[in-house]
Amino acid sequence: MMRCGMNRSTQAGEFMVAMTTAKYSAALLFALAIACTPQARAPELDTAKLIPRQLLFGNADRSEARLSPDGCRLSFLAPVDGVLNLWVAPIDNLPAAVPVTDDRDRGIEIYVWAYTSRHVLYLQDEDGDENWQVHVVDLEDGRSRSLTPSEGVSARIQARDPEFPEEILVALNDRDPELHDLYRVNFVSGERVLVEKNEGFAFFTTDQHFRVRLARRSTPDGGAAFYRRNHAGDWELFQSIPMEDFLTTWNVGFDDGGRTLYQIDSRGRNTSALVALDLDRNESTQLFADPRSDVVETLQHPRTHRVQAVATNFDRKSWVVLDPAIEADFSYLTSVADGDLQIWDRTLDDRHWLVGYDVSDQPYTYFYYDREARRATPLLVTQPELSEYRLAPMRSEVIRSRDGLDLVSYLTLPAGALNDRVGRPASPLPMVLWVHGGPWERDERGLHPIHQLFANRGYAVLGVNFRGSTGFGKDFLNASTHEWAGKMQTDLLDAVDWAVTEGIADPARVAIVGGSYGGYATLVGLTSTPDRFACGVDIVGPSNLITLLESLPEYWQPYIEMWASRVGDHRTEDGRRLLAERSPIHRVDRIRRPLLIGQGANDPRATRQESDQIVEAMGALGIPVTYVLYPDEGHGFARPENWLSFIAITEAFLADCLGGHAELIGDAFEGSSLQVLAGLEQVTGVAEALLSRGAYGQGDRP
């Protein structure tokens with residue numbers, strides 16, 4: 001495995017500050033040569049106030065609301081002394097909400113109600129290592145405890161069932177790090193019983209009665225195969241999923257009787273359809289398909305588990321009702337508020353729903369829906385203080401790639417920046433090109449913190465669903481095969497050209513910013529097209545595709561054939577040649593524009609070596625880079641103190657490069673674990689903010 005060539009005593013920042021005086025002086029001269037030309041600040045917009053980044057990237061007042069299965073309680077996440085914890089209130093007395101957990105570190109992000117309506121289950125890892133533990137909290141006695149091992153084990157909640165209210169199915173890789181066995185866990189007694197020993201499957205599909213029904217295994221061609229047990233109890237082939245359908249075909253689940261399997265299926269078609277498979281007759285019936293968009297969400301009855309509605313999302317979410325029993329509900333709910341409707345919860349008796357509306361320029365609001373009264377009542381607003389500021393609406397744009405693909409994109413302009421031409425500014429603006437992660441994910445319409453922050457700072461913000469993004473059919477997704485740093489990147493360049501042609505972007509002031517795959521695209525942009533972007537911000541992005549694939553977590557190995565077939569096979573000579581060609585690490589000498597890198601030290605996906613090695617290579621060539629490390633983070637930044645510190649640095653960095661506005665760094669570093677390992681002096685205000693904190697972090701002394 002390729003290593004970055006540093007021992008523990010010479011970390012990334014230390015090799016930068018330990019350079020000889022002559023080499024360091026040369027680096028500073030080179031920095032002056034390639035640094036951003038100081039830009040004039042954008043004029044203050046009369047119609048906009050500077051939105052404090054705390055409101056967009058700090059903890060929301062209340063978020064992730066859920067209904068208890070009996071409908072008597074509402075839960076949500078809210079801070080306790082700055083750390084997100086789980087709160088619960090009677091549904092008819094929200095001011096009586098109390099915290100029921102006492103996390104004092106990273107905060108809680110993922111949780112579900114148990115069917116007892118007395119217990120809540122939540123996941124927690126250690127400093128971003130993604131080795132999740134399952135915890136349970138008893139609302140009656142206030143006790144919280146872990147249900148799963150903690151050392152090097154990653155747990156998943158497989159299933160819950162109202163028939164077994166005190167039990168859950170949990171997938172654990174404690175026996176074999178690559179494979180998750182299934183256990184039946186009684187979270188009241190703590191008893192754990194092995195249900196299914198995993199003999200080489202990526203995962204299992206279970207029904208509503210905790211029965212293991214199907215098992216999925218990757219195939220050498222990058223596809224998959226589903227197996228089910230025959231009468232003798234042996235696994236036999238049930239369905240084959242070709243490589244081209246691997247990411248667009250999956251199981252939704254069984255109905256309550258276990259005889260009907262619902263699937264999202266793209267086989268024999270382009271966009272994924274909802275189908276119902278009668279297992280007794282082995283007959284498949286298509287229930288819904290849209291020629292422009294995959295089925296991306298289903299709504300199932302809480303008891304029978306019949307699919308009653310489906311959602312698609314071309315440029316915004318759209319629901320189609322399949323069951324007449326809920327037609328009147330959807331007719332009413334779509335009239336309650338603007339925005340894309342989301343159904344968060346339904347009580348077991350189906351009398352009450354928890355819904356919300358995603359609007360791009362308004363704080364998110366949850367509503368309590370009484371089906372019998374046909375009335376939706378606002379419950380809580382996630383970020384009420386944002387209502388004091390003028391937020392910028394997000395517009396959908398369809399951009400044509402150079403080879404004819406439609407790239408669904410989202411454009412946000414500073415509030416008040418439009419002229420009489422619909423959706424265009426009076427004059428070209430500096431622009432932030434935001435690249436989503438995955439890459440097999442997508443950008444969506446909604447209240448997007450990145451869009452709002454940088455539009456408020458005077459930038460146009462453009463998010464592009466480049467080829468490989470999900471939701472637009474398998475042809476669009478599969479057009480990304482072996483196109484990392486290829487056509488996936490030219491899609492982004494085509495979007496920039498479109499923005500320039502439309503009079504949106506100033507071609508000399510475009511920044512490329514992204515996380516995960518978006519961070520990789522940032523590095524590709526600065527190394528492959530060094531004059532196209534004024535600067536770049538890479539958040540946990542891989543720099544070397546070979547080391548990326550060689551260091552994936554062990555429990556990702558069941559999916560390695562998919563990665564090999566779509567990105568490149570690091571186990572073959574030809575594959576390694578392709579991966580090397582598409583790796584920014586091999587074009588570091590072409591970097592001519594400022595680069596900011598943010599990395600979590602415990603990232604199990606794009607490990608720290610991905611950032612260390614490109615920073616080391618740049619340092620060896622005397623090319624400046626600003627490198628920020630968080631020792632208590634993983635793939636992305638979960639602690640709001642860390643997010644806020646990195647956003648503060650990013651604001652200042654972009655203001656230096658593009659000339660937009662920036663909130664002063666001030667006390668944004670308080671409580672964060674950041675270590676500025678390189679380039680301390682290259683971003684305005686960073687050194688001063690660190691000094692005011694009383695000390696530099698490890699390896700960041702200039």
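Predicted model: local features only at pLDDT ≥ 70, side-chain atom pairs only at ≥ 80, totals over all residues.
Helix H5 passes helix H13 in a right-handed crossing.

H5 spans residues 449-456 and H13 spans residues 640-658; their axes come within 12 Å and cross at roughly 40°. Angles under 35 degrees count as roughly parallel and those from 65 to 115 as roughly perpendicular, and H5 and H13 are therefore oblique to each other. On the H5 side, the contact is made by Ile-450, Leu-453 and Phe-454. H13 contributes Ile-647, Thr-650, Glu-651 and Leu-654. By class, the residues of this contact divide into 5 nonpolar, 1 polar and 1 charged.

I turn now to the strands, with E14 as the point of reference. Is strand E14, residues 212-218, mostly covered or mostly uncovered? It is mostly covered, with 5 of its 7 residues buried.

E14 pairs with strand E13, residues 203-206, in the antiparallel sense over 4 bridges. Within this pairing, Thr-205 stands opposite Leu-214 of E14. The hairpin of E13 and E14 has 5 residues between the strands, and Phe-210 takes a positive phi near 65° there.

E14 is also joined by 4 bridges to strand E15, residues 224-229, and these two strands run antiparallel. Here the bridge partner of Arg-216 is Phe-226 in E15. E14 and E15 likewise form a hairpin, with 5 residues between them. In that turn, Gly-222 has a positive phi of about 90°.

To close, E14 forms hairpins with E13 and with E15.

Methods. Residues numbered from 1 in each chain as written. Heavy atoms only, no water. Axes fitted to C-alpha atoms, helices over the stretch in contact; angles between N-to-C directions. Parallel < 35°, antiparallel > 145°, perpendicular 65-115°, else oblique. Left-handed = near helix turned anticlockwise from the far one by under 90°. Contact = heavy atoms within 4.5 Å. Nonpolar A, V, L, I, M, F, W, Y, C, P; charged D, E, K, R; others polar. Buried < 20%, exposed > 50% of the residue type's maximum accessible area, 1.4 Å probe, protein only. Pairing = 2+ DSSP bridges.
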